[in-house]
Amino acid sequence: MSAISKMPETAVAGRMVEANGVELWTEEFGDPAHPPVLLIAGSMAQGLLWPDEFVGRIAAAGHRVVRYDHRDVGRSTARDFEEHPYTWADLKDDALGLMDALGLAPAHLVGHSAGGLIAQWIAADHPGRVASLTVVGSSPLGAREGQVLVRALMGEPQPEGALPEPEPEFLDFLRNAAAGPPPATRAEAVDFQVEMARVLGGREGAADFDEDAQRRLEERLHDRMRDPRTAANHRLAGMAGPEAEPVGALARVTAPTLVVEGTSEPVKPGHGRLIAQEIAGARLLMVPGMGHNLTPNAAGEVAEALVAHLAAAQGAM
């Protein structure tokens with residue numbers, strides 16, 4: 001792990017909820033009596049990466065919205081991985097445990113990136129607990145996206161039928177990061193995250209990238225972490241076994257599904273279309289200019305589409 005020093009704790013909103021043997025920081029919006037929406041962030045991502053305006057728009061449309069920090073990120077439980085190993089199946093069970101603890105059943109699941117994999121997994125294995133499914137910037141469950149990334153980074157050919165590779169700019173960023181020393185100070189860590197956000201915006205998003213706003217966000221995220229070093233445990237969880245995302249599970253998804261992908265997606269280009277093809281009745285929304293992350297510029301369009309999707313799914317129940 002890097003030598004990033006821990007920062008003083010800062011006051012944050014929300015509360016801790018015990019689920020699946022860990023404490024998860026959660027924050028709720030809207031009327032508790034309204035239909036619940038659970039927002040599941042991606043790997044190494046905090047719940048605050050769901051923009052406030054995005055969350056507020058969903059709550060204003062008549063929903064109880066919950067965002068949370070995965071274990072080992074943000075304010076949630078942070079532990080040494082060697083002493084407390086886990087897999088992505090455990091992160092999925094964390095989400096299920098949180099749904100149990102908060103009484104979110106059935107819930108509308110909205111997952112971004114690896115959070116979209118978790119949402120797909122729950123929808124496939126627990127259809128009765130999912131009112132609707134929305135995945136943003138994600139890959140198809142069971143497609144072994146990590147293996148595609150490793151082969152791409154090493155310059156190895158992909159087997160027939162593999163997922164589309166990330167864009168060269170993203171691969172170059174990862175190679176350069178691996179070749180250099182890890183961030184050793186708060187300033188270096190924030191700089192790294194700002195540059196990653198710039199790359200994740202994709203080619204079309206470069207003109208709209210607000211470096212000052214992104215830096216303020218990254219500083220806030222860094223300063224509220226229990227331990228800035230433990231987010232990397234999510235990578236270790238991805239390599240741990242024996243559990244793996246089930247192949248062919250998307251055929252079991254029965255929840256109304258919305259798939260969202262940006263036209264400037266640099267990490268998982270074309271993956272949204274593949275998800276929509278595997279889930280019966282799924283709708284694909286391509287958002288012009290959006291990269292991998294749900295930026296303020298794209299959040300409005302995605303929020304409007306999501307509100308319509310939730311209303312249709314709620315009306316069908």
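I began with Asn20, which is partly exposed at a relative accessible area of 37%. By the cut-offs, buried means under 20% relative accessible area, exposed means over 50%, and partly exposed falls in between (1.4 Å probe, protein chains only).

I noted that this is a predicted model, where local features need pLDDT of at least 70, side-chain atom pairs count only at pLDDT 80 or more, and totals for chains, interfaces and linings use all residues. Residues are numbered from 1 along each chain as its sequence is written, and side-chain values use heavy atoms, without hydrogens and water.

**Backbone entries**

I looked up the phi of Asn20. It is positive, about 55°, although Asn20 is not a glycine. Asn20 sits in the loop between β1 (15-19) and β2 (22-29). Helices (H or I, at least four residues) and strands (E, at least two) are DSSP runs, numbered from the N terminus.

Next I checked Met44. Its phi is also positive, about 60°, and Met44 is not a glycine. I found Met44 in the loop between β3 (36-40) and α1 (52-60). Met44 is partly exposed, at 33% relative accessibility.

Then I found a cis peptide bond between Ala105 and Pro106, with omega about -10°. Pro106 belongs to the loop between α2 and β5 (107-112).

**Core entries**

Which residues have the most contacts inside the largest nonpolar core? They are Leu38, Leu98, Leu109 and Leu133, in a core of 42 residues. Such a core is a set of buried Ala, Val, Leu, Ile, Met, Phe, Trp, Tyr and Cys residues joined through side-chain atoms within 4.5 Å. Helix α2 (residues 88-102) gives the largest share of this core, 8 residues. I also noted a second, separate core of 25 residues, including Leu39 and Ala298.
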